[in-house]
Amino acid sequence: MAFKTIDDIEREKHNEKRERMKGEISEDINEVIGNVFGKQRKKQKFSIFSFLIKSLLIIFLIILSINLVLGNIWLLRFFIKSLFLS
């Protein structure tokens with residue numbers, strides 16, 4: 001069994017006090033930096049509903065872009081045929 005002396009107890013108290021001060025100082029620094037640069041947003045939990053909405057939006061945009069490209073090609077062919085056949 002190890003015996004603790006008064007010096008060991010004082011050293012432990014001193015170390016605990018230093019760790020507590022470090023924690024308080026780091027919290028203060030983080031608060032000041034957050035106020036200067038804007039507070040960081042907390043990460044939101046990933047929900048299935050938001051994933052579903054985002055995926056449907058992406059699919060809609062892909063279909064819209066394909067429709068625009070293919071529709072423009074079809075219209076170009078149609079007008080070229082009508083210009084040369086008339």
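Student: How many salt bridges does a search of the whole structure find?
Tutor: The search finds three salt bridges. Keep in mind that this is a predicted model.

Student: Which residue does lysine 4 form a salt bridge with?
Tutor: The partner of lysine 4 is glutamate 12, and their closest N and O atoms are 3.3 Å apart.

Student: Are those two buried or exposed? Start with lysine 4.
Tutor: Lysine 4 is exposed, because its relative accessible area is 56% and the cut-off for exposed is over 50%. Glutamate 12 has a relative accessible area of 35%, so it is partly exposed.

Student: What about aspartate 8, which side chain does it meet?
Tutor: Aspartate 8 meets arginine 11 in a salt bridge, with 3.0 Å from N to O.

Student: How far apart are aspartate 8 and arginine 11 in helix α1?
Tutor: They are three residues apart in helix α1, so about one helical turn separates them. Aspartate 8 is partly exposed at 26% relative accessible area, and arginine 11 is partly exposed too, at 47%.

Student: And which residue pairs with lysine 22?
Tutor: Lysine 22 forms a salt bridge with glutamate 19, where the closest N and O atoms are 3.8 Å apart. Both of these residues lie in helix α1, three residues apart, which is about one turn of the helix. Lysine 22 is partly exposed, with a relative accessible area of 46%.

Student: Helix α1 keeps coming up. How many residues has it, and what does it reach from its first C-alpha to its last?
Tutor: Helix α1 has 32 residues and reaches 46 Å between those two atoms, close to the 46 Å expected at 1.5 Å a residue.

Student: Zooming out, how many helices and strands are in the chain?
Tutor: The chain has two helices and zero strands.

Student: How much of the chain do buried residues make up?
Tutor: Buried residues make up 1% of the chain's 86 residues. The accessible surface of the chain is about 9,200 Å², and carbon and sulfur atoms account for 67% of that surface.

Student: Which residues make the nonpolar surface patch?
Tutor: The patch is made by Met21, Ile25, Ile29, Val32, Ile33, Val36 and Phe37, and its area is about 720 Å².

Student: Where is phenylalanine 37, and is it buried or exposed?
Tutor: Phenylalanine 37 sits in helix α1, which covers residues 6–37. Phenylalanine 37 is exposed, with 69% relative accessible area.

Student: New topic: how many aromatic pairs are there?
Tutor: The count comes to two aromatic pairs. In one, the ring centres of tryptophan 74 and phenylalanine 78 are 5.6 Å apart and the planes are at 10 degrees, so this pair is stacked.

Student: Where do tryptophan 74 and phenylalanine 78 lie?
Tutor: Both lie in helix α2 (residues 48–85), four residues apart, or about one turn of the helix. Tryptophan 74 counts as exposed at 52% relative accessibility, whereas phenylalanine 78 is partly exposed with a relative accessible area of 44%.

Student: How are the rings of phenylalanine 78 and phenylalanine 79 placed?
Tutor: Their centres are 5.5 Å apart and their planes are at 65 degrees, so that pair is edge-to-face. Phenylalanine 79 counts as partly exposed, at 47% relative accessibility.

Student: What do the ring pairs link Trp74, Phe78 and Phe79 into?
Tutor: The ring pairs link those three residues into a cluster.

Notes
Residues numbered from 1 in each chain as written. Predicted model: local features only at pLDDT ≥ 70, side-chain atom pairs only at ≥ 80, totals over all residues. Heavy atoms only, no water. Patch = residues over 30% accessible without salt bridge, like charges linked within 9 Å, V, L, I, M, F, W, Y side chains within 5 Å. Areas by Shrake-Rupley, 256 points an atom, 1.4 Å probe, with all protein chains shown as cover. Salt bridge = Lys/Arg side-chain N within 4 Å of Asp/Glu carboxyl O. Buried < 20%, exposed > 50% of the residue type's maximum accessible area, 1.4 Å probe, protein only. Phe/Tyr/Trp six-rings, centres within 6.5 Å; stacked < 30°, edge-to-face > 60°. Expected span 1.5 Å × (residues − 1).
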